[in-house]
Amino acid sequence: MEQLTKMETAQQTRQLPAVKRSIWREIVKQKYAHVFVLTGMLIVFVFNYLPMFGVLMAFKDYSISSGIKGIFTSDWVGLKYFKEFVGAYNFKLIVTNTLAISLLKLFFTFPMPILLAIMFNEVRVHFFKRFAQTVSYFPHFISWIVVSGLLVIFLSSNSGIVNDFLKGLGLIDKPLPFLSSPNYFWGLAVTTAMWKEAGWWAIIFLAAISGLNPSLYDAAEMDGAGRLRRIWHITLPGIRGTIVVVLILAVGSLLGGGLVGSNFEQSYLLGNAMNNERSEILQTYAFKMGLAQGRYAYATAIDLMQSIIAIILVFGSNFLSKKITKNSLF
């Protein structure tokens, strides 16, 4: 028995170098793929993980004149900047605007890609289907700077195409202040974000729908189920897992804009002194405090609060989803 054990051990020892050689042979064979992956990992590490030591600034009396070394050598001030922000005169206004814009976007923009994907799936004319898909996700590739420029051209009170058109029809007597009145900003932010990103996110749900078994639709049609019943009882339950995962990700990035992730760009580019009471949000306020006024520690504290809330939202939504639907991200 002992002799057999020794023989098996010796055989396994001889096999180990062969296994290692085969692994290295596969790595060499796929060297370009490994270089591609390692490059991506390096970029993520340098731009996403390495700067995280800067979070220390939120708890220190940091000055830009002290350079990078000052992040570690500055005096600790604890929660001073967090308390300062919570006690700021415009704290309630900034938080209200951030939550309102984010919740409105979640409520209106999250169902839209699902509806678009279902509509595209039901189209039987392939040429029109491809054309509609291309038109729907093309705005995703237009930067918010270009979009804001187009909005100025279309919605300007002085020479905007929309105001001129409405006045020509006799629907209004004087131009509507779309870009200068705070009453229009939330609606403008939600509608433009929906137009820009709904088609892009519909691709994910279309991919999920394409993975459903076609025989389910055939069987339902033979049983007399109409198009709406097939959507309700086959399509939606079939992509429920995808919907839950995307919803968790959207809730996790809620304060940044959810699926559309454009709160900062919209508020910074379309915000001005006249609509500031509706356009000022956490991200723009931190940006102004950090770069405009040089209060980097204060701005870091604001961003850190937002990041902590985002983490809580991710874990909370994932926990609720697991309890209610049995589907979760992790």
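Student: At what angle do helix α5 and helix α14 pack, and how far apart are their axes?

Tutor: Helix α5 (residues 91-109) and helix α14 (residues 263-270) pack at about 125 degrees, with axes 11 Å apart. Axes here are lines fitted to C-alpha atoms, for helices over the stretch in contact, and angles run from 0 to 180 degrees between N-to-C directions. By the way, this is a predicted model, where local features need pLDDT of at least 70 and side-chain atom pairs count only at pLDDT 80 or more, while totals for chains, interfaces and linings use all residues. Residues are numbered from 1 along each chain as its sequence is written, and side-chain values use heavy atoms, leaving out hydrogens and water.

Student: Why are α5 and α14 called oblique to each other?

Tutor: Check the cut-offs: under 35 degrees is roughly parallel, over 145 roughly antiparallel, 65 to 115 roughly perpendicular, and the rest oblique. The angle is about 125 degrees, so α5 and α14 are oblique.

Student: What makes α5 and α10 oblique to each other?

Tutor: Helix α10 (residues 185-210) packs with α5 at about 40 degrees, the axes 10 Å apart. That angle falls in "the rest", so this pair is oblique.

Student: Which residues of α5 meet α14?

Tutor: Ile101, Ser102 and Lys105 of α5 meet Asn263, Gln266 and Ser267 of α14, where contact means heavy atoms within 4.5 Å.

Student: How do you know whether Asn163 is buried or exposed?

Tutor: Buried means under 20% relative accessible area, exposed over 50%, and partly exposed in between (1.4 Å probe, protein chains only). Asn163 has 0%, so Asn163 counts as buried. Its contacts include Phe154, Leu155 and Phe178.

Conventions: Helix = DSSP H or I, 4+ residues; strand = E, 2+ residues; numbered from the N terminus. Lists of a residue's contacts leave out its neighbours within four places in sequence.
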